[in-house]
Amino acid sequence: MFVPYGESVPDLAGFTLLMPAVSVGNVGQLAIDLMISTLNMCKIGYFYTDCLVPMVGNNPYATSEENSTELSINAEVYSLPSKKLVALQLRSIFIKYKSKPFCEKLLSWVKSSNLAKVIVLSSSHSYHRNDLQLRSCFKEIPMAVLLKFVSEGDNIPDALGLVEYLNEWLQIIKPRCDDRTASALPWKMPTSWRLLFGSGLPPALF
């Protein structure tokens with residue numbers, strides 16, 4: 001179930017929901033990270049669920065020492081009212097046989113919130129669910145899947161490519177110049193990505 005931060009439930013009527021499919025290279029999750037970080041989206045709540053592997057960590061979008069110690073969990077919701085966007089970030093995998101119950105609860109929230117449509121960001125193969133399952137889950141709601149074929153490795157370029165496609169469609173961010181290339185768009189990588197591949201080898205080893 002969705003639990004809002006604060007005393008009142010935010011009005012999300014007419015908003016577009018962006019969410020990842022947990023898939024090869026975590027490309028969808030990385031793309032959602034880019035959207036939240038670049039647009040400085042505000043955290044408005046989280047999903048209290050037993051369907052995902054529990055996790056907790058520091059604020060992945062920290063911009064100062066003051067907010068770096070804020071905690072984040074496995075399923076959090078962010079919004080940008082000026083663009084009528086809401087993003088669900090999933091940070092862990094589904095517990096076995098729990099993907100369908102989660103989809104049902106998510107669909108219930110989407111409908112009760114009167115969201116306009118759902119856009120799923122994904123990559124070629126899904127570990128715990130596939131796009132057909134997602135489409136059947138959201139058959140009552142307008143939905144689109146943006147999928148990129150990738151391989152495991154450094155998938156940051158794939159995530160950047162995926163948000164470029166999304167932005168080309170929705171026109172969320174305007175280029176800094178007339179040149180509509182990737183370099184012209186001001187994507188902001190989250191501070192947490194500094195440790196995406198670990199902290200490096202200790203000098204003492206050498």
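Begin by selecting Phe2, Phe47, Phe94, Phe102 and Trp109, which form one aromatic cluster; rings of Phe, Tyr and Trp (its six-membered ring) are paired if their centres lie within 6.5 Å. This is a predicted model, in which local features need pLDDT of at least 70 and side-chain atom pairs count only at pLDDT 80 or more, while totals for chains, interfaces and linings use all residues. Residues are numbered from 1 along each chain as its sequence is written, and side-chain values use heavy atoms, with hydrogens and water left out.

Next, select helix H3, residues 99–112, where helices are DSSP runs of H or I with at least four residues, and strands are E runs of at least two, numbered from the N terminus. Phe102, Cys103, Leu106, Leu107, Trp109 and Val110 of H3 are buried, and because these buried residues fall within an arc of 160° seen down the axis, they line one face of the helix (the arc is taken from the directions from the helix axis to the C-beta atoms). Buried stands for under 20% relative accessible area, exposed for over 50%, and partly exposed for values in between, with a 1.4 Å probe and protein chains only. On the other side of H3, colour Lys100 and Ser112, which are exposed.

Now turn to the aromatic pairs, of which a search of the whole structure finds seven. Tyr5 and Tyr46 form one that is tilted, at 5.6 Å centre to centre and 50° between the planes; planes under 30 degrees apart count as stacked, over 60 as edge-to-face and the rest as tilted. Tyr5 lies in the loop between strands S1 (2–4) and S2 (16–20) and Tyr46 in strand S3 (residues 42–47), so the pair ties together parts 41 residues apart in sequence.

Technical notes: Expected span 1.5 Å × (residues − 1).
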